[in-house]
Amino acid sequence: MPKHYTFIAISACLVPAFAASSLCEATCIAYLQQFKLEGCWTDKITMPCCSSFQYVESYTLCIAHCSVKERLAAWKSFRQVCGISTCGGNNSYDDVYCTALDSNISEQDALTRDGSYTAVNISWENFAAWSAYQDATARNSRNSKIFGAILAGYWALLMAISWFSKLYYHICPAHVSVRGRLSAYIQKHIILPPLYGSRHAEPMLIYGVPVTTIPLRWQAYSCVLFMVLNLIFLVAEFNVTGAASLVIDETSQAALYAANRSGIMAVTLMVPLLQFAGRNSLLTRMTGWSNDTFKLFHRWTARTLVLDSLVHSIGITAYYLRNGGASRYRAVILRNINIFGILGVVASCMILIQAQYVFQRYWYEIFLTLHLVLTIVFFIALRIHLSNYTFVYYLYVAVTIYAVDRLIRLVRVLSGNVSGYAEIHANADATQIIIKPLVPFKYRPGQYAFLYVLRFNLWQSNPFSVVQTRDNKYIFVAKRRRGVTSKLHGYAVDRDTHRARIWLEGPHGTSYPLEKYESVLLLAGGIGITAAISYAVHLKDTGRKQQVAFLWVVREKASVSWIASQLRHIAENDFIEVHVFVTSGEKEAAEEKMEIFQFEEVMDSDGLSSLSDSRTVFEMDLDDDDRLYKEPVFDDNYDSNGMSEQLFDKFFPSTVHFHYYRPRISRIVRDSMNHESKSLAMFACGPVRMLDEARSAVLENLDDKSGKRIDYFEDAFA
């Protein structure tokens, strides 16, 4: 009886539809689907067949095997669902039951006929077996939904812990200067270090090809625990029973239950998957997680979902091959609902392959387009595959959350970018972008925004740290790499208008409470200056007397023109030290270009200098009518290889110290720890190698015996 097993598989998937009914009612509804009764269509599998009087009579014979209480409840539910007029008129259960007893056929005869015009008499043995199977299926379905909810709730719990931790330090700022041994141990061995080695931001290479980045230990432990929970839930308590042997053998039960459980869990994971895929401005502020953390959890949730989908496909395949053979399997698979299920699995596997790090690094635009197309295919296929099942509502919830996120982003983009034009200036290997949106957004230091360069790509946006000026302009610096940034730089070089259609979406991200620390070390590399200087401006404007050291490592001195006004602004005070390290400059060239320049340097045994080893004194007269945040003028005297002498002489007071070597970050951090303050915050933004070096330097000083607290903050968007 091949069709017999098809209805078993279908009934196993439909148990949630009967969740509100009794086991007796669910058993009879599921069991009667295998018979062809007059006026009853087998595709009406989620409800009793109200259009057939033979079905009504068969139903009364079936529920007669139940207890009196269950029988009356099942009959009442049946009449409510179908309506009195279609359920034997005003006949009572006893009347219909007596009529059915007078004229009925056996189950075997009903299965061999093309159509039955007589009620089917269900034997007690088959009813008991189907009841046991239905009970096991209901418990398995209930457990599957619980396990899926636990997996989704796992990420919610992790976010709640991060939120409470952030809220605690916000409410109790006095605790920022205090760190116990347990807290230091957790920071040193769990929160800050990579899973292994010292690389985190810098990608791991295999034969010179970047394949992945190493997550932090807390991130890796979180993902591993999530995967372990998923694997445990896939095999835990299948409720396989021998009492249902007349219906289905135990091996087939295991295959079917594994397929259903993995399918339910996969659909449930759609909610956190799409939540991590959004820009999540609110969640990033609540948790303090970086965008990279959300992307990491998105990838591992997606990988878990693909794993569950494959288990679902393998389980269904094994079930049909065991109970119907290849011919029956082909007949079932060729149904539209299953074809789209296979299409969804194939699309998810293709997404998994093309989302590898190497593709995103070297072919980001191709990756983004394929990712978008395959994701749309996946969702359409999944929607059709789940069209007959209540699990489709999980998909609706996930898509709704993502759609709301997209809608909010669209409103924010359109509300502040009516004109859509930005000033662009090419500086050596970077592009300076200045935008003044129609509606200024409320910006906090360290936050970033996404830029849409409409000329080159309408749907692609790239994140950049931002510096806000007092006239509500926003400055971005885009490093010339592949794709859009390279095209934008070339466009700025070739054009005289210095204008381009660029839309801004933001702000996103979180702002770190650096103002709560007694001393702050700001480290920027290259275009990472935008994030670091926003904190420096904020610390200066708060008026709190902190010891702040601002370090900028840059390849060429001409790059100072990117944020000349802001650099001058933060240098005009008595508690922020500004040091610019020019790694490709020469002392002789600097002396030749700037006559008033003194350079003193004491080299250590390694040939590298720390901040305390050297001083740079740069003294210039400034006109009284100079205004803060006065933007640099890019005129004919400016070229891409250097700034004009007028610009350089006008914007930098003597408090901006220039050094012509690469700083040793570990020594600078160690010297900063010797300061009398009780707490030190280090913020870093720049090239990946510099970020890893800064993180390692902080880790080396976390177990400081003096009890001084040091915290490390990092911004990956530059």
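Is Cys 223 buried or exposed? In this predicted model, Cys 223 has a relative accessibility of 5%, so it counts as buried; the cut-off for buried is under 20%. Cys 685 also counts as buried, because its relative accessibility is 0%.

## Two disulfides

Let's turn to the bonded cysteines. The model holds two disulfides. One of them links Cys 24 and Cys 66, with 1.8 Å between the sulfur atoms. The torsion about this S-S bond is about 85°, so the disulfide is right-handed. Cys 24 sits in helix α2 (residues 23-31) and Cys 66 in the loop between α3 (53-63) and α4 (68-82), so the bond ties together parts that lie 42 residues apart in sequence. Both cysteines of this pair are buried.

Cys 28 is joined to Cys 62, at an S to S distance of 2.1 Å. Here the torsion is about -90°, so this disulfide is left-handed. Cys 28 belongs to helix α2 and Cys 62 to helix α3, so parts 34 residues apart in sequence are tied together. Cys 28 and Cys 62 are buried as well.

## A parallel sheet

Now for the strands. An open sheet is built from six strands, ordered β17-β14-β13-β12-β18-β19, with parallel pairing. From one strand to the next, the twist averages 15°.

Within the sheet, β13 (residues 547-554) and β14 (residues 576-582) pair over seven bridges; Leu 551 has His 579 in β14 as its bridge partner. Helix α19 (residues 529-542) lies across β12, β13, β14, β18 and β19, and runs at about 155° to β12.

Conventions:
Residues numbered from 1 in each chain as written. Predicted model: local features only at pLDDT ≥ 70, side-chain atom pairs only at ≥ 80, totals over all residues. Heavy atoms only, no water. Pairing = 2+ DSSP bridges. Helix = DSSP H or I, 4+ residues; strand = E, 2+ residues; numbered from the N terminus. Axes fitted to C-alpha atoms, helices over the stretch in contact; angles between N-to-C directions. Contact = heavy atoms within 4.5 Å. Disulfide = S-S within 2.5 Å. Buried < 20%, exposed > 50% of the residue type's maximum accessible area, 1.4 Å probe, protein only.
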